[in-house]
Amino acid sequence: MLLLALSACATSIPRTVPRVVDGEVENGPAVSPYAYEWFIEGERLAVRGRHGEAAMAFETAAAAPTGDVLLVTRLAEEYEITGASRRADRVLSVARRYYPQSPRVALAEGRIHLLRDEVDGAYEAFIEASRRAPGWAPPVVDMAKALAARGHVERANALLLGFLEDASRVQASIAMNAL
């Protein structure tokens with residue numbers, strides 16, 4: 001009992017570590033090897049189309065205290081893919097509460113809207129993800145895929161070309177400032 005009381009009074013030190021996610025270095029919570037192993041297993045299963053098992057792997061990873069927005073949003077997406085929309089909504093609600101400014105939450109919302117054929121909601125969420133993380137490719141790519149799937153290939157191409165042009169200008173500006 002005493003140990004429990006002492007541990008409750010102890011201050012927790014937030015541990016963040018640099019990591020590579022989607023090809024970009026970002027600071028995120030330290031993740032235990034156990035949780036990381038289950039997260040990778042979930043991604044492996046999702047790529048193979050075994051979404052129910054992927055959701056279970058993400059649930060297992062989420063049982064370890066990580067506070068990782070990437071894990072929470074992937075769990076929500078897998079729930080939606082498997083038809084567990086209410087679970088997806090609950091997980092997204094938690095993600096919105098704990099990570100209110102995260103572009104990953106907006107991206108997951110957009111992907112879930114697309115799975116539900118709620119195109120307008122998807123576009124709004126992708127735009128919000130882009131606003132939260134300017135220059136981040138996933139929301140732009142997902143929006144272009146959605147446009148192309150609905151027969152708006154020219155708009156999709158224009159969106160991607162505009163994104164690439166903006167990225168090129170930013171890279172050129174960075175290079176010039178480095179000189």
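**Salt bridges and their surroundings**

Reply: The count comes to 14 salt bridges, a salt bridge being a side-chain nitrogen of Lys or Arg within 4 Å of a carboxyl oxygen of Asp or Glu. Keep in mind that this is a predicted model, where local features need pLDDT of at least 70 and side-chain atom pairs count only at pLDDT 80 or more, while totals for chains, interfaces and linings use all residues. Residues are numbered from 1 along each chain as its sequence is written, and side-chain values use heavy atoms, with hydrogens and water left out.

Start with Glu77 and Arg111, whose side chains meet in a salt bridge at 3.5 Å, N to O. Glu77 belongs to helix α4 and Arg111 to helix α6, so this pair ties together parts that are 34 residues apart in sequence. (Helices are DSSP runs of H or I, at least four residues, and strands are runs of E, at least two, all numbered from the N terminus.) Glu77 counts as buried at 8% relative accessibility, and Arg111 as partly exposed at 27%. The cut-offs: buried is under 20% relative accessible area, exposed is over 50%, and partly exposed is in between, with a 1.4 Å probe and protein chains only.

Next comes Arg150 with Asp117, where the closest N and O atoms of the salt bridge are 3.4 Å apart. This one also links distant parts of the chain: Arg150 is in the loop between α8 (137-149) and α9 (153-178), Asp117 is in the loop between α6 and α7, and the two are 33 residues apart. Arg150 is partly exposed, at 32% relative accessibility, whereas Asp117 is exposed, at 59%. For background, most residues other than glycine have a negative phi.

Now for a local pair. Arg132 and Glu128 form a salt bridge with their closest N and O atoms 2.9 Å apart. Both sit in helix α7, four residues apart, about one turn of the helix. Arg132 is partly exposed at 25% relative accessible area, and so is Glu128 at 22%. Elsewhere, salt bridges that share partners join Glu43, Arg74, Glu77, Glu78, Arg111 and Asp142 into one network.

What about the nonpolar side? A nonpolar core here is a set of buried Ala, Val, Leu, Ile, Met, Phe, Trp, Tyr and Cys residues joined through side-chain atoms within 4.5 Å. The largest nonpolar core has 23 residues, and those with the most contacts inside it are Phe39, Phe58, Tyr79, Val91, Leu92, Tyr99 and Val105. At least two of its residues come from each of α2 (33-47), α3 (51-63), α4 (69-81), α5 (85-98) and α6 (103-115). Helix α4, where Glu77 lies, supplies the largest share, seven residues. Another core, of 14 residues, lies apart from this one and has Val119, Ala129, Met143 and Ala156 among its members.

Finally, α3: its buried residues are Ala54, Ala55, Ala57, Phe58 and Ala61. They cover an arc of only 160° around the axis, which puts them on the same side of α3; the arc is that of the directions from the helix axis to the C-beta atoms. What covers these buried residues includes α2 and α4, while the face turned away carries the exposed residues Met56 and Ala63.

Key
Contact means heavy atoms within 4.5 Å.
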